[in-house]
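Student: I would like to learn how to read a protein model, one feature at a time. Where do we start?

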Amino acid sequence: MSTAIAFSEYGGPEVLRLSEVTPPEPGPGQVRIKVKAASVNPLDMKIRSGLMADVIPARFPVIPGLDAAGVVDAVGEGADAAVGDEVLGATAGGSYSEYALLDLPVAKPAALSWETAASLVTVGQTAFRVLAQLGVGAGQTLLVHGAAGGVGVVAVQLAVARGVTVIGTAAERDLEQVDRLGATAVRYGDGWAERVKAAAPGGVDFVFDASGAGVLAESVALTGDAARVTTIADMAAARHGVRFSAGTGEEGRSLPELARLAAHGSLAVPVWRSYPLAEAARAHADLEARLGRGKAVLLP
């Protein structure tokens, strides 16, 4: 037996409990890892609370978590890794656990810490996917809502590196951080659209909404075309004719490149705090209270 965090009902952080579980067995193409770090994502909290029940119905008990990094300790037939390899990737069946399964393990560069490796997966792949869907390129202007959040931080860096002019909305306390990433920071809240127009007098070509803060109508007006706006966080997307970008199953193809960039120092994924696995409920509560900046990581 091994330990994992699981929940058997929707609710607040208190429903997360340390439990004894049977370690999963890898299927064809999968590997099982001894988890060294598992990152906490906003989606974990939405699933736990029941906010996503209509989209991602739970089959209780649920082991939450999307991403992990660790050491391979068992391999399925045809798996692209060997026992002892250090890897990272998206988990199949949850990552808040001593052991987890990966469908597409990616080699962890030695220069990456376990915490950074685990934190990179979902936010990096999501940012990479949306930029590709938008088709934004050098010389164009991109507005990123939620530029100081996990996905936003990566999206800003990837876009700036490609020669894109980036405007990023963020809270007052995060404006300097967004500026340091190479974007022009704009305070969100009432009047944000006018502030963006002032910061981008040549106009905005595309909008990436990572905030879900009810900004779609004005974002469409800024670009003049709903097809130039994509959100990962606003369930009202269809009402505005905007694409809601969800996982396509192809995200793993971008992870080796993202890991390489992070290892070379070309891509930063801020890690705010690490918690023992048993304190997963505290990590959720702290993040929901917006106590920190950057990723929270669980250490089994």
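Student: In which sense do β8 and β11 pair, and over how many bridges?

Tutor: Strands of a sheet pair through backbone hydrogen bonds, either parallel or antiparallel. Here β8 and β11 pair in the parallel sense over 4 bridges. Two strands count as paired if DSSP finds at least two bridges between them. Helices (H or I, at least four residues) and strands (E, at least two) are DSSP runs, numbered from the N terminus. Within this pair, Leu 143 stands opposite Val 207 in β11.

Student: What kind of model is this, and how are residues numbered?

Tutor: This is a predicted model, with residues numbered from 1 along each chain as its sequence is written; local features need pLDDT of at least 70, and side-chain atom pairs count only at pLDDT 80 or more, while totals for chains, interfaces and linings use all residues. Side-chain values use heavy atoms, leaving out hydrogens and water.

Student: In what order do the strands of the open sheet lie?

Tutor: The open sheet has 6 strands in the order β10-β9-β8-β11-β12-β13, with parallel pairing. β10 (184-187) and β13 (243-244) stand at the edges with a single partner strand each, so one side of each has no neighbour in the sheet.

Student: Which strands are joined to β15?

Tutor: Strand β3 (residues 31-40) is joined to β15 by 3 bridges and runs antiparallel to it. Strand β14 (residues 271-276) is joined to β15 by 5 bridges, and these two run parallel. As examples of facing residues, Ser 39 has Val 297 as its bridge partner in β15, and Val 271 stands opposite Lys 295.

Student: Is β15 (residues 295-299) mostly covered or mostly uncovered?

Tutor: Mostly covered, as 4 of its 5 residues are buried. Buried means under 20% relative accessible area, exposed means over 50%, and partly exposed lies in between (1.4 Å probe, protein chains only).

Student: How many residues of helix α3 are buried?

Tutor: In α3, 9 of the 12 residues are buried, so the helix is largely enclosed by the rest of the structure. Among the buried ones are Val 151, Gly 152 and Leu 158. Their cover includes α2 (114-134), β8 (141-145) and α7 (255-263). Helix α3 (residues 150-161) reaches 17 Å from its first C-alpha to its last, close to the 16 Å expected at 1.5 Å a residue. That expected span is 1.5 Å times one less than the number of residues.

Student: What does Thr 141 touch?

Tutor: Thr 141 is found in strand β8 and is buried, with a relative accessible area of 12%. Leaving aside residues up to four places away in sequence, Thr 141 touches Thr 165, Ile 167, Ala 200, Gly 203, Val 204, Asp 205 and Phe 206. Contact means heavy atoms within 4.5 Å. Thr 141 and Val 204 are 63 residues apart in sequence and 5.2 Å apart in space, C-alpha to C-alpha.

Student: At what angle do α1 and α8 pack?

Tutor: Two packed helices are described by the angle between their axes and the distance between the axes. Helix α1 (residues 42-49) and helix α8 (residues 280-288) pack at about 105°, with axes 11 Å apart. That makes α1 roughly perpendicular to α8. Angles under 35 degrees count as roughly parallel, over 145 as roughly antiparallel, 65 to 115 as roughly perpendicular and the rest as oblique. Axes are lines fitted to C-alpha atoms, for helices over the stretch in contact, and angles run from 0 to 180 degrees between N-to-C directions. Asp 44, Met 45 and Arg 48 of α1 make the contact with His 284, Leu 287 and Glu 288 of α8.
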